[in-house]
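This briefing is intended for a reader who has the sequence and the three-dimensional structure at hand. Please keep both in view while working through the points below.

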Amino acid sequence: MWMSLLALACSDAEIEDTEPTDTEEADSDADADADSDTDTDADTDVYPPGQATWIVSQPEGDVKVELDASEKHYLECKRSTDGKDKMSIILSNTPQTANATAKVVMVACPYGTGGDFSPPQSATCAEPSLTFSWTGEDGTYSADTNAEDLNCVVSLSDDGTDLSGTFGCAPLKVSLGDATVGVSEGSFTCRLQ
């Protein structure tokens, strides 16, 4: 059932590709077109540009997740202001991330100008470190930092406007249980906020 709903969530994006976009609708109205060209902040239905893809490996088989901000998937890349120079990345298939059936959350620090990050994350962020989790319909899975075979690396870079990166992490262990999954072949780009 989990895979069916995840497949449905991902397939919704393919269906929405055939519908008119906000930009196409705005072209029929010169005032709206001018607004959308000069002030995207005012357009509450416009998401900052971004895309993400990854594969979730689980006992039932692999599932490919594909996200696109133009389909109202939520991709956030935000630098913290807490003095520890953290970069928070949320890649989710729903605008309300708490209800997501496909969500990756990564927090890397100290960010600096990018680089490679691996868990566990230290409280002081003195060395490049990371927290990593995957949320599916059946629960949230986090990097099992006690696992001897933990293989988890996120590589980040930005051009001052967009953050991009590649990622993979396994094993990820479910909260309050023993089940594990793996996330691989992950990549994303999103607008820095």
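In this predicted model, Glu76 has a relative accessible area of 9%, and because buried means under 20%, Glu76 counts as buried. Lys78, with a relative accessible area of 37%, is partly exposed.

**Salt bridges**

- Another salt bridge joins the side chains of Arg79 and Asp85, with 2.7 Å between N and O.
- Arg79 is partly exposed at 37% relative accessibility, and Asp85 is also partly exposed, with a relative accessible area of 22%.
- Asp162 and Arg191 bring their side chains together in a salt bridge of 2.5 Å, N to O.
- This pair connects distant parts of the chain, since Asp162 belongs to strand β10 (residues 162-174) and Arg191 to strand β11 (residues 180-191), 29 residues apart.
- Arg191 has a relative accessibility of 30% and therefore counts as partly exposed.

- Strand β3 (residues 74-79) pairs with β4 in the antiparallel sense, over six bridges.
- Glu76 takes part in this arrangement: its bridge partner in β4 is Ile90.
- Strand β4 also pairs with strand β5 (residues 102-109), again in the antiparallel sense and over six bridges.
- Here Leu91 stands opposite Val104, a residue of β5.
- Strand β4 itself (residues 87-92) is mostly covered, as five of its six residues are buried.

**Aromatic pairs and the aromatic cluster**

- A search of the whole structure finds four aromatic pairs.
- In one of them, the ring centres of Trp54 and Trp134 lie 6.2 Å apart and the planes meet at 80°, so the pair is edge-to-face.
- Trp54 lies in strand β1 (residues 50-58) and Trp134 in strand β7 (residues 129-136), so that this pair links distant parts of the chain, 80 residues apart, and it is edge-to-face because of the angle between its planes.
- Trp54 and Trp134 are both buried.
- Phe167 and Phe188 form a tilted aromatic pair, with 6.3 Å from centre to centre and 45° between the planes.
- Because Phe167 lies in strand β10 and Phe188 in strand β11, the pair ties together parts that are 21 residues apart in sequence.
- Phe167 and Phe188 are likewise both buried.
- Trp54, Phe132, Trp134, Phe167 and Phe188 belong to one aromatic cluster.

**Confidence in the model**

- The mean pLDDT of the protein is 80, and 76% of its residues reach 70 or more.
- Over residues 1-43, pLDDT stays under 50.
- For residues 1-43, the model has 36 contacts beyond four places in sequence.
- Where pLDDT is low, the predicted coordinates should not be read in detail.

Note on methods. Residues are numbered from 1 along each chain as its sequence is written. Side-chain values use heavy atoms; hydrogens and water are left out. pLDDT is the predictor's confidence in each residue, from 0 to 100. Contact means heavy atoms within 4.5 Å. Buried means under 20% relative accessible area, exposed over 50%, partly exposed in between (1.4 Å probe, protein chains only). Helices (H or I, at least four residues) and strands (E, at least two) are DSSP runs, numbered from the N terminus. Two strands pair if DSSP finds at least two bridges between them. A salt bridge is a side-chain nitrogen of Lys or Arg within 4 Å of a carboxyl oxygen of Asp or Glu. Rings of Phe, Tyr and Trp (its six-membered ring) pair if their centres lie within 6.5 Å; planes under 30 degrees apart count as stacked, over 60 as edge-to-face and the rest as tilted.
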